[in-house]
Amino acid sequence: MERINEPQFRQADIDGDSSTSESENRHALEVVFDEENAKRRKSSLVSSENPILAQQAAKKRERTSCFVHQLLENQRKTRESQPAIANDDDQLHNKSPETHNQAVHSRLLTKRQLSEMAIGVRELSKKLGSIRLKLKVKTIFLLTKARDSDLIGLTRNITKWLLSKERDTHYTVYVENTLEHNRTFDAQGLVSEDPSHEGRLKYWDNELCKKHPHLFDFAVTLGGDGTLLYASWLFQRIVPPVLSFALGSLGFLTKFDYADYQDTLTTAFNDGITVSLRLRFEATIMRTQTAQDDRKHDLIEELIGEEAENNLTHKPDGSYTILNDIVVDRGPNPTMSSTELFMDDRFMTSVQADGVCVATPTGSTAYNLAAGGSLCHPENPVILVTAICAHTLSFRPVVLPDTVVLRAGVPYDARTSSWASFDGRERVELHPGDYVTISASRYPFANVMPQGSSSEDWICSISRTLNWNSRQRQKSFKEWEEQHVDEKSRRLKK
């Protein structure tokens with residue numbers, strides 16, 4: 001049994017009711033972990049990363065400029081500095097500090113570690129939704145909707161404004177490298193207009209976002225929800241706070257009007273921001289290592305049975321962090337796919353359908369909605385599982401807690417292979433015997449929100465974009481007056 005305290009906010013200047021925070025911090029949560037849940041498959045514990053690189057990544061997280069992970073890291077250190085009740089369960093899960101440092105993927109975490117991580121993110125998200133965070137912003141990441149030439153001029157306007165001498169801070173602005181030689185953007189013209197812009201206008205590419213995400217203090221997107229999803233895709237782990245201007249179609253996630261960008265950014269940098277931490281999933285492709293054997297194999301037996309020593313049935317082949325959903329479907333095959341679902345090393349069900357959609361609460365209004373899944377408020381810590389055109393009358397969408405590890409695999413006796421996509425990207429073929437491991441990511445997406453109730457804002461979004469529960473109001477009854485009743489009775493008597 002371990003006592004888990006609520007997060008302490010020391011890495012950012014926070015405006016809020018101090019008395020309320022102190023009263024809340026007096027409460028603690030006691031969690032008891034079952035020893036039977038300590039099991040982790042050896043195949044899942046095979047890291048696709050070099051241990052040395054994993055340790056370097058852990059050190060980078062400690063010194064990152066991302067305020068979300070500073071708070072999480074500070075929370076972890078605070079919890080570790082306090083005495084805990086040691087028992088056999090602690091020894092079972094925490095064998096060595098090296099093991100903890102190498103567990104950079106959420107699929108590598110034990111049940112206890114995954115629960116602790118989920119609880120920490122929930123508590124942090126709850127507090128961040130009711131306070132303002134003042135950030136020291138110096139480096140700004142600017143992302144523009146792809147293949148939309150109309151937005152290039154708007155991107156130039158906001159870049160010029162950020163680089164202007166009138167700003168209190170000399171910001172460094174990163175724009176996509178494709179704009180460096182774009183005529184409409186005219187980077188050389190920006191520099192020639194004011195020599196001070198030189199050296200502060202820089203360019204990013206995918207590799208820079210992947211290898212050095214801690215360079216950016218703040219991110220601004222110009223586009224729709226797809227542009228925001230692309231920002232999440234670029235920052236697979238550490239992600240800066242993202243403020244999105246609505247220049248797309250629907251706008252579930254883009255909450256700010258571009259026409260007011262000057263006032264919006266000035267307020268954000270000077271007065272602080274309100275952040276909504278969006279749950280993201282980590283998905284890892286696991287490739288079978290036994291498909292070439294002459295023996296008959298069963299995916300259920302391999303995933304819930306005991307593995308022989310030094311005989312791993314699967315090995316990882318790439319991990320992705322997603323904000324919307326993971327879809328395992330039939331792909332180009334004309335026949336329906338066969339998918340077997342597992343939850344925490346237990347067999348869940350077999351699905352005969354066009355596919356299975358595993359969505360985050362944020363993704364509940366995307367493919368999950370089209371497949372008949374439930375709408376889910378983004379603050380719910382859940383995993384949504386929905387079959388796509390299931391060939392059965394009894395399958396219904398299910399909602400699972402974010403502390404489980406879900407696996408979706410293709411059985412060895414499947415007629416065809418399946419295909420997996422991650423936020424609509426990186427479409428990968430899954431051969432019989434392969435599966436995808438899905439769990440809550442340790443790196444939530446920090447979405448900047450307007451001041452006000454997030455619950456009310458979400459209801460307004462689904463009502464505005466999807467016409468949720470839109471219906472003409474039923475007319476009320478108009479009571480007859482007594483004299484009309486008496487007059488009608490007289491007429492009937494005649």
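F422 has a relative accessibility of 0% and therefore counts as buried, a class that covers residues under 20% relative accessible area, with exposed meaning over 50% and partly exposed the range in between (1.4 Å probe, protein chains only). The model is predicted, so that local features need pLDDT of at least 70 and side-chain atom pairs count only at pLDDT 80 or more, while totals for chains, interfaces and linings use all residues. Residues are numbered from 1 along each chain as its sequence is written, and side-chain values use heavy atoms, with hydrogens and water left out.

## Aromatic pairs

The whole structure holds 13 aromatic pairs. Rings of Phe, Tyr and Trp (its six-membered ring) pair if their centres lie within 6.5 Å; planes under 30 degrees apart count as stacked, over 60 as edge-to-face and the rest as tilted. Two of these pairs are set out below.

| Pair | Centre to centre | Angle between planes | Arrangement |
|---|---|---|---|
| F216 and F235 | 5.8 Å | 85 degrees | edge-to-face |
| Y320 and F422 | 4.5 Å | 25 degrees | stacked |

Y320 belongs to strand β12 (residues 314-322) and F422 to strand β20 (residues 418-422), so their pairing ties together parts that are 102 residues apart in sequence. Helices (H or I, at least four residues) and strands (E, at least two) are DSSP runs, numbered from the N terminus. Like F422, which is buried, Y320 is buried, with a relative accessible area of 14%.

The pair of F216 and F235 joins two loops. F216 is placed in the loop between α9 (206-211) and β8 (218-223), and F235 in the loop between α10 (225-234) and β9 (242-246), so the pair ties together parts that are 19 residues apart in sequence. F216 and F235 are both buried. They also belong to one aromatic cluster, together with F141, Y174 and W204.

Helix α10 is largely enclosed by the rest of the structure, because nine of its ten residues are buried. The buried residues of α10 are D225, T227, L228, L229, Y230, A231, S232, W233 and L234.

## A helix pair

Two packed helices are described by the angle between their axes and the distance between the axes. For helix α7 (residues 150-163) and helix α11 (residues 261-271), the axes come within 11 Å and cross at roughly 45 degrees. This angle makes α7 oblique to α11. Axes are lines fitted to C-alpha atoms, for helices over the stretch in contact, and angles run from 0 to 180 degrees between N-to-C directions. Angles under 35 degrees count as roughly parallel, over 145 as roughly antiparallel, 65 to 115 as roughly perpendicular and the rest as oblique.

On the side of α7, the contact (heavy atoms within 4.5 Å) is made by N157, I158, W161 and L162, and on the side of α11 by Y261, Q262, L265, T266 and F269. By class, six of the residues in this contact are nonpolar, three are polar and none is charged. Ala, Val, Leu, Ile, Met, Phe, Trp, Tyr, Cys and Pro count as nonpolar, Asp, Glu, Lys and Arg as charged, and the others, Gly among them, as polar.

## Loops and a strand residue

Most residues other than glycine have a negative phi, and most peptide bonds are trans. D423 has a positive phi near 55 degrees. This residue is in the loop between β20 and β21 (425-430), and D423 is buried, with a relative accessible area of 11%. C389 also has a positive phi, near 50 degrees. The position of C389 is in the loop between β17 (382-388) and β18, where C389 counts as exposed at 58% relative accessibility.

V399 is part of strand β18 and counts as partly exposed at 48% relative accessibility. Not counting residues up to four places away in sequence, V399 touches V382, I383 and L384. The C-alpha atoms of V399 and V385 are separated by 6.3 Å, although the two residues are 14 residues apart along the chain.

T403 lies in the loop between β18 (398-401) and β19 (406-409), and T403 is buried, at 16% relative accessible area. Between the C-alpha atoms of T403 and E116 there are 9.0 Å, with 287 residues separating the two along the chain.

## The protein as a whole

The secondary structure comprises 15 helices and 23 strands. Of the 494 residues, 50% count as buried. Among contacts with a separation of 6 or more, 77% join residues 24 or more positions apart.
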